Number of protein chains: 4
Amino acid sequence: MNDSSSLEKTSADLPEEALGIAEIANGIVQLGNGLASIELAERAVAAAQKKAVELNTQMCIAVVDSGSNLKAFARMDDAWVGSIDIAIKKAKTACFFGMPTGEIGKLSQPAAPLYGIEHSNDGLITFPGGLPIVDQDGVLIGGIGVSGSSVENDHLVALAGVQLIGVSDLPAHPWRT
Amino acid sequence: MNDSSSLEKTSADLPEEALGIAEIANGIVQLGNGLASIELAERAVAAAQKKAVELNTQMCIAVVDSGSNLKAFARMDDAWVGSIDIAIKKAKTACFFGMPTGEIGKLSQPAAPLYGIEHSNDGLITFPGGLPIVDQDGVLIGGIGVSGSSVENDHLVALAGVQLIGVSDLPAHPWRT
Amino acid sequence: MNDSSSLEKTSADLPEEALGIAEIANGIVQLGNGLASIELAERAVAAAQKKAVELNTQMCIAVVDSGSNLKAFARMDDAWVGSIDIAIKKAKTACFFGMPTGEIGKLSQPAAPLYGIEHSNDGLITFPGGLPIVDQDGVLIGGIGVSGSSVENDHLVALAGVQLIGVSDLPAHPWRT
Amino acid sequence: MNDSSSLEKTSADLPEEALGIAEIANGIVQLGNGLASIELAERAVAAAQKKAVELNTQMCIAVVDSGSNLKAFARMDDAWVGSIDIAIKKAKTACFFGMPTGEIGKLSQPAAPLYGIEHSNDGLITFPGGLPIVDQDGVLIGGIGVSGSSVENDHLVALAGVQLIGVSDLPAHPWRT
């Protein structure tokens with residue numbers, strides 16, 4: 001259906017347990033559901049929380065489906081109240097454009113091609129911490145957004161959530177909503 | 001601090017496991033935490049989901065803290081996308097005024113005293129499915145909102161979530177923000 | 001400047017201390033300031049709080065100037081979080097149209113002439129608790145909004161705030177912004 | 001619970017009257033109240049107004065509780081109408097992230113890690129004039145925001161308000177919502 005070579009290479013980096021989950025994800029996608037499984041979404045949130053604890057951080061974690069609509073959310077104890085909206089907006093932003101939020105941020109700087117894109121869609125967040133979620137078939141099935149620490153930590157925690165489900169690398173325009 | 005007789009009566013109706021959790025809730029409140037425990041919030045969401053499955057329904061479930069800020073959220077498989085915002089607004093509405101959303105709805109009908117209150121606070125939802133969460137000390141520690149089926153079912157599912165933590169009966173103005 | 005006969009009648013009902021304040025208000029208005037005196041606004045909020053305590057209620061109280069812009073605000077201990085926005089919207093609504101919010105509510109019912117007016121101005125609140133503030137010259141100098149109890153109590157507390165400054169009766173279209 | 005050495009050092013710089021108030025603040029926190037005392041909030045606004053007069057400035061001053069919900073507000077005579085919203089947003093922003101607004105502003109410049117964060121939470125203000133309010137136990141109990149003059153003056157006036165209640169230095173993630 002699409003060139004998945006880069007995806008295969010990435011999936012090789014996934015921990016063994018992630019591949020098991022990926023099979024579940026495949027099943028879901030074959031039903032045309034996007035990230036329809038709340039069980040899967042909650043396991044991604046739990047994996048992200050676990051990583052956040054390892055990093056000694058307090059995070060807000062949001063997962064959206066392929067329509068960028070909220071699927072699961074958790075605010076860890078002592079996480080910033082201001083991070084609730086940022087985590088949700090990062091997840092939506094990553095899914096809206098099928099790329100990591102930090103990549104969009106590079107394009108939205110002054111004089112860059114997408115300067116001011118944050119004004120669209122009721123507000124985007126374009127610094128790191130949001131990642132698209134792509135299943136083993138290379139289909140965009142949702143996004144995850146994390147906020148509550150440095151952008152480096154936010155990214156690592158988001159990555160931990162993605163890896164439970166699939167990858168973040170996208171072939172060109174593969175999605176369905 | 002307040003007349004807790006009605007609370008004690010209500011807590012007598014709680015399942016045994018709920019009373020154990022209520023002790024945890026008490027501990028949290030003594031630390032000034034409101035509904036700060038993500039573990040407790042997620043267990044309330046899980047209890048609500050379990051009830052939703054029993055009723056053969058697909059729900060969106062939101063839990064907010066005493067400041068009406070989102071703490072935990074889950075959209076079950078096949079739940080309406082339009083219910084995401086309704087569940088969150090129900091949880092906020094119940095916490096904003098310390099009463100079940102359906103009670104506010106009775107007062108907001110045409111010719112009733114609070115007609116049009118829904119236009120405040122960026123939008124309220126005033127039909128059943130939102131409940132305040134009051135701990136064993138009679139302190140409002142948050143709210144839960146459920147949307148996705150009939151308002152009767154929404155209410156039952158919200159109630160299942162509340163009962164894991166405490167009750168919904170409020171003495172006069174007892175809360176902490 | 002305008003027919004103040006109805007105003008004089010009303011001011012006769014004011015407590016003696018209110019008349020003293022009214023002289024201050026007159027001074028301000030001669031400077032073209034509307035309700036520019038923060039001292040006066042804060043005294044109105046304090047008078048409203050005092051009345052709220054007498055009624056054993058917990059209120060949010062907002063005062064706006066003749067441009068419907070916020071001048072002073074207080075949320076009493078244990079007042080509903082949801083009442084913050086309602087109190088501010090009541091003050092704005094009363095000033096926007098120079099009449100008590102409850103009067104607008106009569107006109108905004110289904111089949112009444114202003115049905116749905118609440119959708120304007122980023123949201124109006126049209127049940128009792130908001131009053132215009134008119135000085136002794138019959139000039140609209142602001143509004144007060146109160147929320148936190150029954151609409152009857154909200155109205156009484158708003159009235160206590162108005163009476164420290166002037167009256168709420170308006171001659172036809174007397175204001176300047 | 002946390003390293004309070006820096007807090008003790010800072011409290012040593014407080015005027016004598018502030019220490020008395022701080023004891024009240026401690027009492028409140030032990031009751032789990034956050035910045036629930038309107039008396040304390042209004043005294044902070046009054047202290048800020050006094051400082052504003054000393055600096056020959058006209059300010060809008062807002063105080064929010066730990067849920068970033070408005071507690072008290074005053075617009076001084078001749079203060080900019082446009083400063084109403086800025087003062088409120090500064091108070092919320094400082095509380096949302098537990099740090100001075102100016103610190104966030106350093107991180108949100110073009111090419112900096114948090115570029116564009118202002119698009120979250122219905123609009124943040126990230127230049128100086130907003131400060132978190134931390135009580136003597138190191139718990140974030142709210143925020144104060146000031147707007148109406150230079151950002152340097154805004155900051156000084158906000159600081160005068162904070163010092164009546166506590167400090168602005170935060171240990172890592174200490175707060176309660």
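**Interfaces of chain A with chains B and D**

About 1500 Å² is buried between chain B and chain A, and carbon and sulfur atoms give 43% of this area. Buried area is the accessible area (1.4 Å probe) that two parts lose on being put together, summed over both. In chain B, the residues that lose the most area to chain A are B:L70, B:F73 and B:R75, together 34% of what that side buries. The structure is a predicted model: local features need pLDDT of at least 70, side-chain atom pairs count only at pLDDT 80 or more, and totals for chains, interfaces and linings use all residues. Residues are numbered from 1 along each chain as its sequence is written, chains are lettered from A in the order in which they are written, and side-chain values use heavy atoms, with hydrogens and water left out.

The contact (heavy atoms within 4.5 Å) joins 18 residues of chain B to 18 residues of chain A. Four salt bridges cross this interface. A salt bridge places a side-chain nitrogen of Lys or Arg within 4 Å of a carboxyl oxygen of Asp or Glu. A:D77 and B:K71 meet in a salt bridge through their side chains, at 3.6 Å from N to O. Polar contacts number 14 residue pairs between chain B and chain A, both residues at pLDDT 80 or more. Such a contact is a pair of N or O atoms within 3.5 Å; within protein, one must be able to donate a hydrogen and the other to accept it, and residues adjacent in sequence count only if both atoms are side-chain atoms.

On the side of chain B that touches chain A, two or more residues come from each of α3 (38–54), β2 (70–75) and α4 (83–97) of chain B. Helices (H or I, at least four residues) and strands (E, at least two) are DSSP runs, numbered from the N terminus. Strand β2(B) gives the largest share, six residues.

Chain D also meets chain A. This contact takes 25 residues from chain A and 20 residues from chain D. The buried area is about 1800 Å², with 61% from carbon and sulfur atoms. In chain A, A:D78, A:W80 and A:V81 lose the most area to chain D, together 32% of what that side buries. Helix α4 (residues 83–97) of chain A gives the largest share of the side that touches chain D, four residues.
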